[in-house]
Amino acid sequence: MEMEITTLPKKYHSAVERWRDLYLPDYHLLVENWEKYFPKEPEFKLCAFRALGMCSSIECGDDEGKPKYQRACEMDENKAHRLLGAVRAQASTEFGSIQQHQLTLSRAQSEEDQFWILRMMAEELRHGYQMFHVLLTDDWTSVSDTSGEQMVEEILEMRTGSHVLGAFNVDFDSFVDNIVFCCLIDRVGKYQLSMQKVSAYAPMAESMPRMLQEEAFHLATGVVPLRRWVTEAARGSRYTPMSLIQKTINKWFPRGLEMFGDERGGGANVRLGFKPMKNGEAQEQYHAEVSRVVRDLNERFLRERVPEMTATQAERAQREIIEDGSTLHGITRDDLLKLPDRRFYRRRGVSAFGMVGVDGQTFDSVDDYLDHILDSMPETSRAGRDFKRHAELQRQVASGELTAEDASRAAPQLQRVGGVCPCSKSVRWVLDDAKSGSGNGNGNGSGHANG
Amino acid sequence: MSEATAELKVRPMDEIDIGAITRIDEKVTGRYRPDEWEQRAIYYLRRDPEAPQVAEIDGQVVGFALGEVRSGEFGLEEPTGWVEVMAVDPDVRGRSIGKMLAEALFAHFRERGAKRARTLVDTETMGDLAAFFESVGFEAASLRPLVKNL
């Protein structure tokens with residue numbers, strides 16, 4: 001597919017480079033070591049790619065078959081408003097994930113893993129840049145009084161804790177987070193990008209092919225190190241035991257599910273031609289895909305631990321150990337990986353703040369449930385602000401002080417207010433007012449994810 | 001699922017296919033080589049993730065073809081599509097799965113600007129494979145493989 005390559009006007013390009021210097025300080029290492037880790041591959045370039053020759057008619061929804069929109073002003077206000085929200089959310093997640101990865105990048109056990117993540121971070125930066133390109137090459141005044149310049153500034157000023165989607169506000173505690181995040185959260189990104197590839201808004205659709213190509217490597221950056229870690233765990237290595245991988249999956253999987261938006265929602269995006277699938281359908285496919293990853297990791301573990309085991313035997317053994325609770329070759333259910341119940345540790349969607357454990361067990365006591373969440377996650381999550389805020393809301397829901405829906409709206413997520421703060425040149429944020437319904441609708445509408 | 005109703009699909013490989021590819025290779029060669037396939041998969045996924053192809057029947061991966069377009073190999077400056085590895089699960093052979101995989105690779109090579117596809121086959125030990133490549137349009141070329149014992 002032929003690509004049109006462009007760069008943003010100098011002031012925006014420079015702003016992204018300054019952001020990069022602040023939040024991706026190891027970028028120069030990537031450049032210096034590119035040839036060592038990615039020999040004969042084209043060097044990273046900060047630019048926007050637009051695919052040429054894509055489908056020019058709307059591919060789904062009420063206007064299927066009509067020409068795609070080239071400009072926001074061609075749409076009605078509701079449509080354009082929804083689209084603008086989607087572009088800004090997408091941009092926010094790209095920059096948000098870099099801030100998260102940077103926290104623990106230096107703790108990688110292997111240099112190769114570290115450089116894979118570093119490349120992935122640079123490509124996420126490019127994805128954010130791509131979304132700026134979409135924002136800045138159109139006129140959004142019909143739906144927003146915020147100028148393109150202000151939108152860019154808002155997004156670049158965001159910190160972990162202020163991003164639009166929950167998963168991008170959760171701190172990383174170890175390099176296991178970097179890897180599991182790539183495997184689980186970037187996978188949601190793949191779904192979102194694939195769906196946006198058919199967007200009725202042509203500039204968005206045309207931005208997706210290159211982002212999806214890069215995303216394929218990001219997912220491998222999660223899965224391949226995980227495969228190596230389970231192999232080492234099977235050999236008895238204590239560096240990244242199965243229990244830590246399991247706990248890290250428990251930490252991120254609920255956030256991944258929530259990034260699709262409420263399971264009951266997403267119909268409007270389909271009708272408007274922005275996405276071909278509703279939230280629930282996409283989430284279902286995601287669940288099936290992640291289940292496959294987990295089965296493969298378990299097979300890798302079993303065959304490393306018991307070398308005489310064939311693929312077919314490993315498949316059967318996995319079923320017997322996980323489903324029947326059997327112990328085979330000394331391997332028990334706790335030695336293998338499992339996806340937590342979909343209702344575990346949820347703060348959005350149909351299961352928000354229901355007290356359901358990793359194995360689907362229910363809890364009557366909020367203290368017991370919070371202890372269960374903590375026992376099921378890496379120890380370092382205990383002290384995090386994300387869990388603290390969740391626990392507060394869980395208690396308020398349990399006491400009847402808040403409904404689950406209100407708690408969902410107030411779940412760790414901040415809302416921008418009052419424009420740019422004149423004294424600090426930064427954006428001011430306050431917690432959403434749960435009762436005002438002023439959240440961005442992510443709890444009940446459509447999800448977005450980084451790519 | 002009967003042959004008549006099974007849905008056969010060819011699509012670009014992704015990172016979740018590593019396990020299935022390892023199993024097919026094991027069936028064909030008798031060797032379990034997960035590390036090697038992890039390395040190979042990530043190589044393709046970071047260079048050109050739309051190039052490697054897998055075939056699946058009802059969601060089960062039953063074959064794969066790995067290759068990419070490169071220039072400057074062996075003095076060939078023109079962009080050339082190199083077919084590097086192909087395999088089909090022995091249990092489902094005879095359904096033109098290899099041909100479909102090859103066609104998908106060729107289509108991608110064309111899209112990347114290649115006018116020729118090339119591969120190497122040991123005709124002494126891989127006669128079947130040589131016959132397969134002939135069936136999808138390959139012919140003997142002047143580029144000769146050379147070997148030296150060390």
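The legends below describe close-up views of a predicted model. Residues are numbered from 1 along each chain as its sequence is written, and chains are lettered from A, with ligands numbered from 1, in the order in which they are written. Because this is a predicted model, local features need pLDDT of at least 70 and side-chain atom pairs count only at pLDDT 80 or more, whereas totals for chains, interfaces and linings use all residues.

**View 1. The open sheet of chain B.** Five strands of chain B form an open sheet in the order S1-S2-S3-S4-S5, with mixed pairing; strands are DSSP runs of E with at least two residues, helices are DSSP runs of H or I with at least four, and both are numbered from the N terminus. Two strands pair if DSSP finds at least two bridges between them. The edge strands, each pairing on one side only, are S1 (8–12) and S5 (116–118) of chain B. From one strand to the next the twist averages 25°, where axes are lines fitted to C-alpha atoms, for helices over the stretch in contact, and angles run from 0 to 180 degrees between N-to-C directions. S1(B) and S2(B) pair in the antiparallel sense over five bridges, and Arg11(B) stands opposite Val54(B) in S2(B).

**View 2. Strand S3 of chain B and its partners.** Strand S3 (residues 60–70) of chain B is largely enclosed by the rest of the structure, because nine of its eleven residues are buried; a residue is buried if 20 or more other C-beta atoms, placed from the backbone, lie within 10 Å of its own, exposed if 12 or fewer, and partly exposed in between. Strand S2 (residues 53–57) of chain B pairs with S3(B) in the antiparallel sense over five bridges, and Glu56(B) stands opposite Val61(B) in S3(B). These two strands, S2(B) and S3(B), form a hairpin with two residues between them, and Asp58(B) in the turn has a positive phi of about 50°. S3(B) also runs antiparallel to strand S4 (residues 80–88) of chain B, to which eight bridges join it, and here Gly63(B) stands opposite Val88(B) in S4(B). Helix H1 (residues 18–29) of chain B lies across S3 and S4 of chain B, running at about 100° to S3(B).

**View 3. Two packed helices in chain A.** Helix H3 (residues 77–104) and helix H5 (residues 148–157) of chain A pack at an angle of about 35°, with their axes 9 Å apart. Arg88(A), Ala91(A), Ser92(A) and Phe95(A) in H3(A) meet Met151(A), Ile155(A) and Leu156(A) in H5(A), and two residues are in contact if their C-beta atoms, placed from the backbone, lie within 7 Å.

**View 4. Where chain A meets chain B.** In this view, 19 residues of chain A are in contact with 17 residues of chain B. On the side of chain A that touches chain B, helix H7 (202–234) and helix H10 (279–305) each supply at least two residues, and H7(A) gives the most, with eight residues. Ala220(A), which has its place in helix H7 of chain A, is buried, with 28 other C-beta atoms within 10 Å. Ala220(A) touches Glu15(B), Ala41(B), Ile42(B) and Leu45(B), not counting residues up to four places away in sequence. The C-alpha atoms of Ala220(A) and Cys182(A) are separated by 8.0 Å, although these residues are 38 residues apart along the chain.
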